[in-house]
Amino acid sequence: MDYDQPTFSQSHVFENMRLRRIVKENHSSEITQVGFFFNTKNFDAPISFASNKTFDKRGAVQRAESDTSNVLATVGGCQLNVYDNEHCGDHLDIMSNYDLGQLDPDNDENYYRRSHELVTFCWLYRFGDAYLVTAGGDAEIHVLSLAKSEEEQSLKGHTNSIRFTNNNSVLSKSSNGKVEYWNLDTEKTIRTFRVKTGESTSRFDVSLDNQYLAVGSTRGSIFIYHIESGELITELEHRRATKAIKCCAFSRDCRQMIAAGADGFIMRYDYVSDDVLKEWEEWKLRKNE
């Protein structure tokens with residue numbers, strides 16, 4: 001089956017998102033970053049509204065062999081985990097796990113956590129493979145092969161987190177919840193975004209069309225802004241999401257939002273149509289009668 005051609009706006013999709021999936025990772029630490037492998041330099045495909053999913057008879061999503069937009073990675077504790085976001089339909093299931101932690105000779109658990117904690121990663125395309133480059137407390141850059149499920153290289157270096165939205169602009173974020181949208185040609189701020197709850201340690205994400213910015217809050221919600229206008233489109237929240245959001249990511253079609261945080265849970269918000277939301281409300285009314 002196909003998604004119906006939308007007759008509404010992208011803002012409407014964000015406003016209609018509801019929590020549909022929760023996954024608990026086993027490292028008992030906060031998840032510091034999530035990210036899809038869009039592989040935009042080597043795979044040209046529609047994004048946002050122009051991206052439509054088709055399904056086979058088993059309910060699996062049909063996709064080109066080079067389309068990797070269903071693959072999602074997270075880092076938390078000493079682990080990097082890789083998931084298939086569309087396994088057998090729309091299930092969120094683990095594909096691979098890398099645990100870079102090891103005890104020192106004195107078996108000091110605090111040393112183990114401090115020196116091997118992973119805080120950031122990025123995707124790199126290689127022919128027939130995908131590399132995950134990750135780094136953290138041990139001051140080394142670990143290059144991991146997804147196809148081989150092993151570490152290819154370990155490099156000494158230092159990492160930071162700067163996200164480019166296009167050739168001329170940069171988004172930067174500080175721990176007080178302030179996000180600045182810069183123009184590098186003029187060296188001036190185009191726009192400032194402020195997360196409502198003040199202090200925020202969440203990494204932000206930008207949609208593939210460079211139109212929308214998502215950033216988490218300390219109380220477990222996610223704010224989605226329109227970058228050019230600065231308008232707050234919606235705040236995604238759920239009664240089970242109470243801990244600080246550390247990272248979030250848009251899907252290729254912007255119909256899903258992945259978030260993860262201090263409690264080690266991965267949460268996925270999905271677009272839900274007006275008709276289905278109406279059915280849910282009617283069911284609640286009947287239940288309370």
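Cys122 is partly exposed, with a relative accessible area of 38%; partly exposed lies between buried, under 20% relative accessible area, and exposed, over 50% (1.4 Å probe, protein chains only). Cys78 is buried, at 7%. The whole structure contains zero disulfides, a disulfide being a pair of cysteine sulfur atoms within 2.5 Å.

The model is predicted: local features need pLDDT of at least 70, side-chain atom pairs count only at pLDDT 80 or more, and totals for chains, interfaces and linings use all residues. Residues are numbered from 1 along each chain as its sequence is written, and side-chain values use heavy atoms, with hydrogens and water left out.

The largest nonpolar core has 18 residues. Such a core is a set of buried Ala, Val, Leu, Ile, Met, Phe, Trp, Tyr and Cys residues joined through side-chain atoms within 4.5 Å. Phe14, Ile222, Ile224, Phe250, Met257 and Tyr269 have the most contacts inside this core. At least two core residues come from each of strand 1 (17–24), strand 17 (212–216), strand 18 (222–226), strand 19 (232–236), strand 20 (245–250), strand 21 (256–261) and strand 22 (265–271). Strands (E, at least two residues) are DSSP runs, numbered from the N terminus. Strand 20 gives the largest share, three residues.

Contact here means heavy atoms within 4.5 Å. Another core, of 15 residues, lies apart from the largest one. Val75, Leu100, Phe121 and Trp123 are among its members.

Four strands form an open sheet in the order 2-5-6-7, with antiparallel pairing. Two strands pair if DSSP finds at least two bridges between them. Strand 2 (31–36) and strand 7 (91–99) are the edges, and each pairs on one side only. The twist averages 20° from one strand to the next; axes are lines fitted to C-alpha atoms, and angles run from 0 to 180 degrees between N-to-C directions. Seven bridges join strand 6 (residues 79–87) to strand 7. Asp84 stands opposite Asp93 in strand 7.

Thr192 sits in strand 15 (residues 188–194). Thr192 counts as partly exposed because its relative accessibility is 42%. Beyond its neighbours within four places in sequence, Thr192 is in contact with Lys178, Val179 and Glu180. Tyr181 is eleven residues away from Thr192 along the chain, and their C-alpha atoms are separated by 6.1 Å.
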